[in-house]
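Please examine the structure shown below before reading on.

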Amino acid sequence: MRADDIKAIPARHPGRWVAAAAVCALALALAISFTTNPRFEWAVVGRYFFSARVLRGLLLTVELTAISMLIGIALGVLLAVMRLSPNPLVSGSSATYIWLFRGTPVLVQILFWYNISALYPSIGIGAWSFNANHVITPFIAAVLALGLNEGAYMAEIVRAGIVSVDEGQSEAGAALGMSRLMIMRRIVLPQAMRVIIPPTGNEVISMLKTTSLVSVVAVTDLLYSVQLIYAANYRTIPLLLVASIWYLLVTTLLSAVQFHIERHFSRSATRQVPPTPWQRLRALLAGPGGRETRT
């Protein structure tokens, strides 16, 4: 028998078709339910989706996310470097901070900072003293709680990225006469970014949703804004849908930014960077014979 007479038959996977059919049926049932159930009140959702109060709450949520993540990233890098210090006092203090802030719920920390005046009625240095209730406003309490808590998680993420870099890189830098700080800044951290970026992106998305906890201290974020509205008009479900859709939209945007940042840092690690969702869609539409272009 010649090789040309052999006909290759692709393996059949009936289980995949059954699973795909079940998923499509479930998705169709959910879509029909969402569009035909009058209790969702989509007209109310559309009416309040671009409401000024909702948009102000959304803006405050984004501000809280950005400020808290900036504090968390800066603090996390510092704590990670301290954790890796050969000085036991420095590394021990970093480990204690991480243990304390990771071991207590962020909601408790928000309430603690909000009520800090019960411990310290006045805050100041030397002759300068201020009323704690005036200094630690609900917004400041939320930023402190979210930022300091995030610093503990970012410290472990940055530390994992640093230890993933081969020690020979640091030894080469030391052989060139570079200081420990310069080695960390010029050699280790740039290479550690490939490990640091993915979980950091997840932390940003998680922070966006965690900001909803600040509603307990009356910070008018996105969730608290819709709560104030449905407390007056009793349209609870439609207003919660408004908040949920906005959270999903911002999360989608952050996920896209994270993908492109990861793609940028993967250029030096792989010959072919991962395709974008648009490139994957074009390749799928082109069929098995289509060619996928990666840039």
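In which kind of crossing, left-handed or right-handed, does helix 3 pass helix 7? In this predicted model, the crossing of helix 3 with helix 7 is right-handed. Two packed helices are described by the angle between their axes and the distance between the axes. Here the axes of helix 3 (residues 52-83) and helix 7 (residues 138-163) come within 5 Å and cross at roughly 45 degrees. Helix 3 is therefore oblique to helix 7. The residues of this contact comprise 19 nonpolar, five polar and four charged.

We turn next to the nonpolar cores. The largest one consists of 27 residues, and Val158, Ile162, Val214 and Val219 have the most contacts inside it. At least two residues of this core come from each of helix 3, helix 5 (106-114), helix 7 and helix 9 (180-210). Beyond its neighbours within four places in sequence, Val158 is in contact with Gly76, Val77, Ala80, Leu189 and Ile196. There is also a second, separate core of 20 residues, with Val45, Val54, Val226 and Val250 among them.

A further helix pair deserves attention. The axes of helix 10 (residues 222-233) and helix 11 (residues 236-265) come within 9 Å and cross at roughly 165 degrees. Because of this angle, helix 10 is roughly antiparallel to helix 11. The crossing of helix 10 with helix 11 is right-handed. On the helix 10 side, the residues that meet helix 11 include Leu222, Val226 and Tyr230, while those of helix 11 include Leu239, Ala243 and Trp246. This contact is made up of 10 nonpolar residues, two polar and no charged.

How values were computed
Residues numbered from 1 in each chain as written. Predicted model: local features only at pLDDT ≥ 70, side-chain atom pairs only at ≥ 80, totals over all residues. Heavy atoms only, no water. Axes fitted to C-alpha atoms, helices over the stretch in contact; angles between N-to-C directions. Helix = DSSP H or I, 4+ residues; strand = E, 2+ residues; numbered from the N terminus. Parallel < 35°, antiparallel > 145°, perpendicular 65-115°, else oblique. Left-handed = near helix turned anticlockwise from the far one by under 90°. Nonpolar A, V, L, I, M, F, W, Y, C, P; charged D, E, K, R; others polar. Core = buried A, V, L, I, M, F, W, Y, C linked by side-chain atoms within 4.5 Å. Buried < 20%, exposed > 50% of the residue type's maximum accessible area, 1.4 Å probe, protein only. Contact = heavy atoms within 4.5 Å.
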